[in-house]
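This report looks at the pockets of a predicted model. It then turns to a strand that takes part in a pocket lining.

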Amino acid sequence: AGATLGTQTAALITSGYGYPSAPAGIPQTQIYDGSGWSAGGALTDPRTYFAGAGTTAAGLVFGGTDTSPPYRTGVTEEYNGTAWSEQSDLGTARYQNVGTGTQTAAMCITGNASPGNIHSTAVEDYNGASWTAGTATSIGKHLAMGCGTSTASVAFGGNINPYVIVGTTEDWNGTAWSAGGAMNTERRAGGGVGIQTAALCFGGAQLPSPSPTRTNVTENYDGSTWTTNPATLATATRDGSAAGTNTAALLAG
């Protein structure tokens, strides 16, 4: 449940659960070059269930859990290839959110927000300096997946309440959200990579906690329709860290 960004041969994973010693989040960042892992700069505010955008040389992470009530944070940090630095917070603290875009043009989509807005429709836009309110999605959810840019994003799957997992899809064209095709395998907390018209989703959970059923199913999205891919994960998993494109993806953790 750490934040991930980048490509299959230049990926970054930071923080996330560190059982048993750090359930609230570890500070470590790891960089993947396509063959091995190396240490990156430590995250200033360790946390879990947050989102990332950008590249290993210009990264962005935002949202996540916190160790004190209401257990949500809006903390935003930028990565310059060496070190993390805190930036302006999200307008609404949240976790289990979706991140798309780049360090200077990012979107924070839905999530578990506070107070009382567990399945949020809220969207915020980042311009490299601060967050502003964006256009809300039609369906409030958390633990959804997504990918794309600030003008062409797609968000799919997730929970619409604690006990209902969906396969709904929404597409963003820079102005408005519209309904896309339904996923063949409904899921939450899977990997989502690629662009709006060439997206990939893999893994995830099909039943809610405390005993979610993990899946190894992979699906492709062409901007309107989901198709089940014959390539399946070797190990069914959820809450992993995903990066890359629909033809060169990475899943870790």
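## The largest pocket

The lining of the largest pocket has 17 nonpolar, 24 polar and one charged residues. In total, 42 residues line this pocket. Its volume is about 810 Å³.

Thr 4, Gly 99, Gly 146, Gly 192 and Ala 242 lie nearest the centre of the largest pocket. Six elements are listed here as giving two or more residues to the lining: β1 (3-7), β5 (51-54), β10 (98-101), β14 (145-148), β20 (191-195) and β24 (241-244).

## The second largest pocket

The second largest pocket has a volume of about 280 Å³. Its lining is made of 16 residues. By class, these are six nonpolar, nine polar and one charged.

Which residues lie nearest the centre of the second largest pocket? They are Ile 13, Ser 15, Gln 30, Ser 241 and Gly 253.

## Strand β24

β24 gives two or more residues to the lining of the largest pocket. Both faces of this strand are covered. Ser 241 and Ala 243 are buried on one side. Ala 242 and Gly 244 are buried on the other. In a regular strand, side chains alternate between the two faces of the sheet.

## Pairing with β25

β24 and β25 (residues 249-252) run antiparallel. Four bridges join them. Ala 243 has Leu 250 of β25 as its bridge partner. A hairpin connects the two strands through four residues.

Terms used:
Residues numbered from 1 in each chain as written. Predicted model: local features only at pLDDT ≥ 70, side-chain atom pairs only at ≥ 80, totals over all residues. Heavy atoms only, no water. 1 Å grid on protein atoms, 1.4 Å probe; cavity = no way out; pocket = protein on both sides within 12 Å on 5 of 7 lines; lining within 4 Å. Points joined across faces, edges and corners; volume = space filled by probe spheres on them. Nonpolar A, V, L, I, M, F, W, Y, C, P; charged D, E, K, R; others polar. Buried < 20%, exposed > 50% of the residue type's maximum accessible area, 1.4 Å probe, protein only. Pairing = 2+ DSSP bridges.
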